[in-house]
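Me: I'd like a close look at just one part of this model, the place where two chains meet. Could you walk me through it in one go?

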Amino acid sequence: MKKEDTVKLISAEGFEFVIDKNAAMVSQTIRNMLTSPGDFAETERQEVRFPEISTTILEKICQYFYWSLQYASGKETEFHIEPELTLELMMAANYLHT
Amino acid sequence: MSSQKKRNFQIEAFKHRVVVDPKYAEKTWKILEHAIHEIYNHNASGLSFEELYRNAYNMVLHKFGEKLYSGLVSTMTLHLKEIAASVDASQGPLFLEELNRKWLEHNKALQMIRDILMYMDRTFIPSTHKTPVHELGLNLWRDNIIHSPNIQTRLKDTLLEIVQKERGGEVINKGLMRNIVKMLMDLGPAVYQDDFEKPFLDVSGTFYRGESQQFIECCDCGDYLKKAEKRLNEEIERVSHYLDAKSEVKITNVVEKEMIESQMTRLVHMENSGLVNMIVDDKYDDLSRMYNLFRRVASGLMLIRDVMTCHIRETGKQLVTDPERLKDPVDFVQRLLDEKDKHDKIINLAFNNDKTFQNALNSSFEYFINLNPRSPEFISLFVDDKLRKGLKGVSEEDVEIVLDKVMMLFRYLQEKDVFEKYYKQHLAKRLLSGKSVSEDAERSLILKLKTECGYQFTSKLEGMFTDMKTSQDTMQGFYEAMGPALTDGPTLAVHVLTTGSWPTQSTTTCNLPPEILTVCDKFRTYYLGTHNGRRLTWQTNMGSADIKATFGRGQKNELNVSTYQMCVLMLFNTADRLSYKEIEQAVEIPATELKRCLQSLACAKGKNVLRKEPMSKDIGEEDDFFFNDKFSSKFYKVKIGTVVAQKESEPEKQETRQRVEEDRKPQIEAAIVRIMKARRVLDHNNIVAEVTKQLQSRFLPNPVVIKKRIESLIEREFLERDREDRKLYRYLA
């Protein structure tokens with residue numbers, strides 16, 4: 001994976017997830033962060049820090065990104081969500097606009 | 001693990017509720033406001049998108065959306081006012097560039113702000129029905145910059161000035177223009193129209209009004225059109241370079257109105273260079289330009305067409321009524337054809353083969369060809385000339401072309417039956433004298449006439465061809481039957497003509513020389529012997545003869561003469577001098593014919609096989625005639641034509657006319673009967689209308705004649721008048 005094609009997402013606890021840029025861009029918010037004109041810190045460093053998202057949730061979110069890409073390309077599988085994560089995930093989804 | 005997660009979730013939920021600190025909103029907004037300032041100052045690189053987004057997100061989430069929104073409006077307004085001041089302060093030509101630069105900056109800033117405040121855009125704005133951030137930014141720009149009193153007029157004036165400069169031939173910064181115009185369009189169609197398009201069209205209108213005035217005073221029509229075309233293209237190009245595509249129609253309308261429509265009439269009638277001159281001089285380019293320009297305005301083509309029609313009718317009328325032209329029918333028709341070709345070519349090359357123009361041309365020709373009552377005769381004479389000699393050595397295709405052209409003229413004729421009459425006469429002469437160049441051409445023309453006018457029109461003409469063919473066989477049979485008994489005498493060639501098929505000739509007899517008479521009698525016996533119940537009359541006025549003559553100094557010639565001439569010449573076998581009276585007595589040819597025949601024998605230069613005393617051009621009853629011993633000719637064969645004006649003389653014309661009228665009567669009657677049979681009852685006017693319609697493919701019947709025919713039919717009890725309404729006629733079966 002080339003450096004330019006990846007982005008680093010950092011959770012509230014400081015865990016770093018390095019994922020494909022196009023996967024991250026499933027989130028409209030992240031897409032804006034990385035593509036907005038003018039040089040925001042995120043665009044420059046190619047990393048986004050989420051002080052309000054826990055590692056567990058962010059991991060789930062990253063899984064979702066990849067699942068969503070597959071789903072969009074026609075591979076229709078179930079995306080499993082543990083019930084206890086539901087509420088937090090929903091809030092994160094609202095925040096990330098996915 | 002799971003319980004811990006649960007706790008996490010509870011704590012988070014709690015955290016949301018905790019933030020009710022009244023200063024929270026103020027603090028968060030300060031962060032965002034600062035960010036907006038930084039963005040406008042190009043200082044955004046240190047900012048964290050996520051932080052700003054999160055703050056805006058939280059503000060909206062905590063019901064501070066209203067504060068966020070109004071804060072945005074006032075902050076942005078503040079910045080735009082600063083920008084307005086800086087744009088306003090820019091000097092002269094830098095004005096547009098500064099405006100453009102600031103616009104691009106604003107756009108970029110606006111995009112960033114919108115991205116940061118996206119959550120507000122997504123949730124708060126739709127639910128409160130406020131203007132979305134991007135649109136808000138554009139509106140604020142419009143209100144604070146474009147519509148600020150100083151900038152608004154300055155912008156408009158600058159733009160118009162630049163356009164004017166470009167019209168004057170200067171090179172301008174098209175890219176900048178495009179950007180500024182694009183900005184106006186981005187701000188909404190209303191902004192573009194009010195702040196630029198309307199004044200632009202007004203100014204253009206004034207400009208072109210002035211320019212067209214100036215051009216029309218100093219240019220001729222062709223140059224003016226070139227200039228107008230150039231201007232039009234320039235405007236179209238301008239639109240494609242930097243204006244809204246929708247403006248094209250509007251601006252071209254302005255140019256069309258000011259440069260074409262308002263000057264159109266003057267252009268067309270311009271002295272020495274107007275439409276008529278262009279047509280006369282075959283200026284295809286100018287004509288084409290005029291057509292394409294005038295086509296753009298409502299009544300433009302109509303104007304061209306009307307003027308062209310007038311011109312064609314006028315020149316055509318001059319042509320057909322010029323007494324000079326009437327002297328040479330062939331030239332007359334050739335001129336008509338040339339005229340037609342000329343205008344066909346113009347319509348083809350310059351007027352886009354416009355159907356309405358073709359129709360105008362046709363109707364003009366129809367109009368003036370029928371002005372001259374002799375047109376049918378002349379057209380037939382033209383064909384006669386072509387078929388006699390004009391088409392010799394011409395390829396089949398070219399023959400067809402000539403014939404097609406003749407047919408085209410024929411179509412214009414109203415009195416087609418007159419043409420038929422003459423054509424029959426001329427065809428008869430051609431066939432009998434064996435002068436037709438090509439039978440194929442003859443047949444081809446008859447076929448064309450047939451397709452045009454139907455079987456009836458040509459059946460007699462075709463009958464003439466059949467007679468010719470049958471006569472050949474008859475002659476062959478005759479000579480076989482006679483065998484050697486005939487070898488001594490003169491060779492006889494008889495054409496047996498069916499009465500009715502051929503132009504009726506008053507049967508004029510003459511005394512044939514005895515040598516000829518014997519052969520003729522033999523033929524009569526043979527013919528009547530093979531065909532029962534037929535009657536043969538000799539049409540001596542239509543025949544011809546080849547005779548061998550020996551002149552003084554032993555010079556021998558073969559003379560090609562008419563039957564009458566032969567009769568006269570044969571008399572000189574036994575006498576050297578004969579008076580007019582003696583000749584008349586011996587041959588018994590009608591006086592007019594005899595005079596004509598003597599004239600051609602004695603008075604034609606180079607063909608005067610007879611000598612006349614006294615020498616004069618005309619034949620008198622007291623004249624004496626001598627055999628001209630000194631006759632000589634370069635050629636062995638000498639053709640002595642009869643002095644027949646190819647064209648008909650006045651009395652002949654009257655006669656033909658009368659015959660035509662006579663022939664029309666039964667046709668009109670037949671038409672009346674056909675119509676009445678179908679309608680049973682009809683009033684006078686309708687009958688006349690229907691008859692005219694039925695017969696117009698052949699001729700235009702005169703209403704007076706129709707009335708006479710109706711009366712005659714009433715007399716003969718085909719029709720009767722209604723007892724109550726005298727205008728009504730009833731058909732009597």
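How many residue pairs are in polar contact across the interface of chain A and chain B?

Reply: Keep in mind that this is a predicted model. Across the interface of chain A and chain B, 11 residue pairs come out in polar contact, both partners being at pLDDT 80 or more. Salt bridges are another story: the rule finds 0 of them between chain A and chain B.

As for which bits of chain A do the touching, helix 2 (28-35), helix 3 (41-45), strand 3 (47-49) and helix 5 (86-96) each bring at least two residues to the side that meets chain B. Helix 5 of chain A gives the most, with 5 residues. Sort the residues on that side of chain A by type and you get 11 nonpolar, 8 polar and 6 charged.

On the chain A side 25 residues are in contact, and they meet 26 residues of chain B. Between them, chain A and chain B bury about 2,500 Å², with 61% of that on carbon and sulfur atoms. Within chain A, the residues that lose the most area to chain B are Phe40(A), Glu52(A) and Tyr95(A), and together they account for 26% of what that side buries.

Chain B is split into domain 1 (17-146), domain 2 (149-262), domain 3 (543-639) and domain 4 (650-731). Going by C-alpha atoms, the centres of domain 1 and domain 3 of chain B are 121 Å apart.

Notes: Residues numbered from 1 in each chain as written. Chains lettered and ligands numbered in written order. Predicted model: local features only at pLDDT ≥ 70, side-chain atom pairs only at ≥ 80, totals over all residues. Heavy atoms only, no water. Contact = heavy atoms within 4.5 Å. Buried area = accessible area lost by both parts, 1.4 Å probe. Salt bridge = Lys/Arg side-chain N within 4 Å of Asp/Glu carboxyl O. Polar contact = N/O pair within 3.5 Å; in protein donor to acceptor, adjacent residues only side chain to side chain. Helix = DSSP H or I, 4+ residues; strand = E, 2+ residues; numbered from the N terminus. Nonpolar A, V, L, I, M, F, W, Y, C, P; charged D, E, K, R; others polar. Domains from an automatic or database assignment.
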